[in-house]
Structures are given as structure tokens and as C-alpha cells.
Amino acid sequence: MSNYKYNEFIFLGLVLLSFALLGYLTLDLDHPFGVTTNSRALYVDGGFYSDAAQNWSKFGQWSFDYDTRHWPGAPFLSLVRALVFELFGVSLEAARFSSIILSLIGLCAFYFILRTDFNVYLSIAILVVSGLMISYVTHARSALAEPTATFFALLAILVFVRLQNRRIAIPLSILLAYLSFLSKLYFLHALVAIIVLWSSELML
């Protein structure tokens, strides 16, 4: 590996580490109401999406009578979160921490997507600006479904733009987009987009 590439990875690592510390040190803080959004979703939906995983971790079943039953809208997220709760215990911090980790990996994928067309400095600049946007910061450290779904969507796009072997890239990117969809069904657009992109690519 050349010194140029080595320095690029070191700098990228430092940027991601800074974002990780920013999120980790404020795990127990709620978002300032009226600044990030006027919606209450950032305050209550994380609990809804963690309900099934919490039930599984504590009682060995996904739902009980009169549960909120958000998990059918995010089935794969419930599986991921159940694994997190099994490893680290059931807590708001564990749910938020898993979102931070996936958001950071998603940022890394976003960087390598940018590098297909831009140089290191512009890619890093775009990455830093994106990582400091209030919408990113608030969602990345939340227990919502969006960080997990976005993580898989970005990986799907990364495979599409970077992996040259189509026999691997096509099924892998569609699988990742499908996992994005299963992490939150509203991310159907990610699955449709990847299918449309590959269809366009194959017709050229």
C-alpha cells in the first residue's frame, strides 16, 4: 500500500473516530425538541421499534397482547436489535449505540462511493459536512429504523458503483437493498432504485 493510500485511510479513520466520540459521549441525551424536528418520532419511535427485540431478549417471544407491534414494518431491524440486546443487555444506550456503529460504517461506504468520482480532499470535505448535518447527527444516534435501513442502502449503492464482477455485484447489491427494505418497509425505494439501476446498466 502506498503512503498516499495509507494516509488517506488514517485520515478517514480519524474523521470516523471523531464522529463516533461525538455520538457515544451523548448517548443518554435526548434531542432538543423544536430544533431538530417538531415530530415526536425521535423521542418515542425508538421504543416502538425496540419492543419486539426487547420481548425476545427478555421473554423469548416477539410480541404479547396489546403490544405496539411495530416490528412487522421493520422485521430485519428487530432481528439485529435482538442480537444487540442479547450481547449487551436491553437498554436505550445499546439500541442507540448499534445505530451509531451502523451509521459510521454507512458513512465509510458513502466516502468510497464519493471516491469513484472525486479526489480525497473533496470526498473528505463532503463526508465531514454530511456527518455534521443536524439531520444526520440526530438520526445516527437514535434508536429508529432509519440508520439500519440507510446502512444497507448505502452498501448496496457501494457494491453497484465499485464491484466490477457483475455475477457477484448484481445479487449482492439487490440482497443488501432488500435488507434495507426489511429494516424499514418505507425503504422500498432503495430496492426499486437498485433494480432500476441494474436494469438500465444491463440494457446499455
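Q: Is F9 buried, partly exposed or exposed?
A: This is a predicted model, where local features need pLDDT of at least 70, side-chain atom pairs count only at pLDDT 80 or more, and totals for chains, interfaces and linings use all residues. Residues are numbered from 1 along each chain as its sequence is written, and side-chain values use heavy atoms, with hydrogens and water left out. Buried means under 20% relative accessible area, exposed over 50%, and partly exposed in between (1.4 Å probe, protein chains only). F9 has a relative accessible area of 33%, so F9 is partly exposed.

Q: What kind of aromatic pair do Y111 and F112 form?
A: Rings of Phe, Tyr and Trp (its six-membered ring) pair if their centres lie within 6.5 Å; planes under 30 degrees apart count as stacked, over 60 as edge-to-face and the rest as tilted. For Y111 and F112 the centres sit 5.2 Å apart and the planes are at 80°, so this pair is edge-to-face.

Q: Is Y111 buried or exposed?
A: Look at the relative accessibility of Y111, which comes out at 0%. That makes Y111 buried.

Q: Where is F64 found?
A: Helices here are DSSP runs (H or I, at least four residues), numbered from the N terminus. F64 is partly exposed, at 29% relative accessibility. Its place is the loop between α2 (41–59) and α3 (75–88).

Notes. Helices (H or I, at least four residues) and strands (E, at least two) are DSSP runs, numbered from the N terminus.
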